[in-house]
Amino acid sequence: MLIIEALSDALVNGLIAALMAVVNLLPASVSDAFQYAFMQRALLTSVLVGAICGMLSCYVVLKRWSLLGDAISHAVLPGVAVAYLLGWPFFVGAFITGALTSVGIGAIERNTRIKADAAMGLMFTASFALGVVIISKLASSTHLMHILFGNVLGVKHSALMLTFVASIIAILTVWLAYRPLLLYAFDPQQAQALGFNTQIIHYGLILLLTLTIVASLETVGIILVVAMLITPGATAHLLTDRFKVMLLISVSIGVCSAVIGLWLSVVFNVASGGAIVLVAFSMFILALLFSPKQGLVFRQWRHRKRV
Amino acid sequence: MTTDVVNQAVAIDIHGLYAAYQRQVVLENIHLAFPAGKWTAIVGPNGAGKSTLFHVLTGSMKALEGSVNAFGEPIARHRRAGQIAYMAQREAIEWDFPVSVWDTVMGGRYGHMRKDALWRRLLPARWHHARHAEAVHEALMAVDMREHAARPIGALSGGQKKRVLLARALAQQASILLLDEPLAGVDPPSEQLILAVLRREREAGKTVIMVTHDMPGARRYVDHVVLINRFIRGTGAPDDMLSEAKLAELAVSSIEQTATDRQTRPAASYSPAQG
């Protein structure tokens, strides 16, 4: 364990150094903000979170899982609260309540006449309410606010390490299971006919989502993380017809909006989670207007040329 | 009635199968033997359980009761060995998905790629075993779609989409082909091409099983017919099974061609097998 810790420490420091080498190329008005250690931690956390959210958002968007992403992000709250109380890692508690909620949604959907959207709304709000109640009993409202909306400028070294490890796991999983995941997202019945275990892929993807959400807790918070799980993927989907390219664009959008949002939040002294999401949304609007194939502007122009 | 099957090798053997959606039973007491190396048509009215039968065969739906064997072994083993190819209905696919025709057809090879060396599987497509690209190339040639390989699937016409789905099943080079309405809603040239491809597959010794509403096509091409409407209503030669009297009994019009008994995808799909 000690070796792993030392290794990841070294890796994190290396990554920060590499990031700073890039940042220092920027004009002093920009790079000055990043000279403090807490800003550098915030920067690396944002980059990692932007990257894995961007990656996962491709699957969320293509699989029509936006509402499920929202549900899981809310459902992790009681788990986080209990883990905090017991001194466990956040991820363990978050995964337990996230998974329980998604299993509960499936059970209601299959065994009653309640439809999927109502089942999700029902389960995640109940779970979220339980979390709010637990936290209000145990911790201060500042704690609640930090979990709900993130507190990237206050990211501790331990939280950064958690995000780092979660990112490595998420990226490795998507790389190793690239084809099963792609086939499952595209055509689950074909995946099943080829003998892939779609149950494992399904719950594996939910696990990955939960991991990403927990890793994003400190950066954008659990309310806004769903924006980062939808916007980059939706934007990339407007820009390309290739899945690999979509992954690349989506990750870039995630990273860029996280970094730009963080910087703007420092400059204008506003909440960083909100700033990050708004930057991502502006990129979506740009793509919506100017995408070569799907963009409204070019469509209108082509339309007019035809008429 | 089933005497013509008795002395032949059996590709898929279904024994005492029951299947249900949310407690509503759609297939009851199904006993069926699909002859190996033959072309079988499954015919039945909308909601008769034809697609459900395919869901059970492809493993995306669990049977309540009963067993399904392929060549005498549990069918799951053949699925894992990549020996069961499946051609979905056009409505079951998300055509907005950002993949090219080539990548879609390559999907048929994903089962076989599990047997490749790990280092190949972790690298981009050009490092994969050459036989995968060859199979995709051949399949696209067979359905006359090779020149469309680089196009996104969303840009194709209806008949082309069907041909791409067929190519994906062909690329798998499986011994059993399951086709869910391969001829529904295609233009006449595509229909002729698909029928010709399937005839070639059968001649090459493959077992072809298709759900169809195309009675003239079935009368002309297939070797064996299964009539189904919740129960098995008859099995035998096309001339016997597809007579007007038999079909009237089954409540299918003999000229009905375009109906599909499967709904389009739900907006927020959730369950793992069907989502």
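These questions and answers walk through a predicted model with chains A and B.

Residues are numbered from 1 along each chain as its sequence is written, and chains are lettered from A in the order in which they are written. In this predicted model, local features need pLDDT of at least 70 and side-chain atom pairs count only at pLDDT 80 or more, while totals for chains, interfaces and linings use all residues.

Me: How many helices and how many strands are in chain A?
Reply: Helices (H or I, at least four residues) and strands (E, at least two) are DSSP runs, numbered from the N terminus. By that count, chain A has 16 helices and zero strands.

Me: What is the radius of gyration of chain A, and what would a compact globule have?
Reply: The radius is taken over C-alpha atoms, and the globule rule is 2.2 Å times the number of residues to the power 0.38. Chain A has 307 residues, so a compact globule would come near 19 Å. Chain A agrees, with 20 Å.

Me: What share of the residues in chain A is buried?
Reply: A residue is buried if 20 or more other C-beta atoms lie within 10 Å of its own, exposed if 12 or fewer, and partly exposed in between; C-beta atoms are placed from the backbone. Of the 307 residues in chain A, the buried share is 50%.

Me: Which helices of chain A do the buried residues of α15(A) pack against?
Reply: Start with the helix itself. The expected span is 1.5 Å times one less than the number of residues. The 19 residues of α15 (residues 272-290) should therefore span 27 Å, and the end C-alpha atoms are 27 Å apart. Buried residues of α15(A) include A:I276, A:V279 and A:M283, and the packing partners of its buried residues in chain A are α7, α12, α13 and α14.

Me: Why are the buried residues of α9(B) on the same side?
Reply: In α9(B), B:S190, B:L193, B:I194, B:V197, B:L198 and B:E201 are buried. The arc is that of the directions from the helix axis to the C-beta atoms. Because they cover an arc of only 130 degrees, they sit on the same side of α9(B).

Me: Which residues are exposed on the other side of α9(B)?
Reply: The buried residues of α9(B) pack against β3, α7, α8, β7 and β8 of chain B. The other side of α9(B) has these exposed residues: B:P188, B:P189, B:Q192, B:R200 and B:E203.

Me: Which element gives the most to the side of chain B that touches chain A?
Reply: Two residues are in contact if their C-beta atoms, placed from the backbone, lie within 7 Å. In total, 31 residues of chain B are in contact with 31 residues of chain A. The elements of chain B that give two or more residues are α3, β6 and α5. With three residues, the one that gives the most is α5(B).

Me: Which residue in the turn of the β9(B) and β10(B) hairpin has a positive phi?
Reply: Five bridges join β9 (residues 224-229) to β10 (residues 231-236) of chain B, and the two run antiparallel. In one of these bridges, B:I228 has B:I232 as its partner. One residue lies between the strands, and the turn residue with a positive phi, about 70 degrees, is B:R230.

Terms used. Two strands pair if DSSP finds at least two bridges between them.
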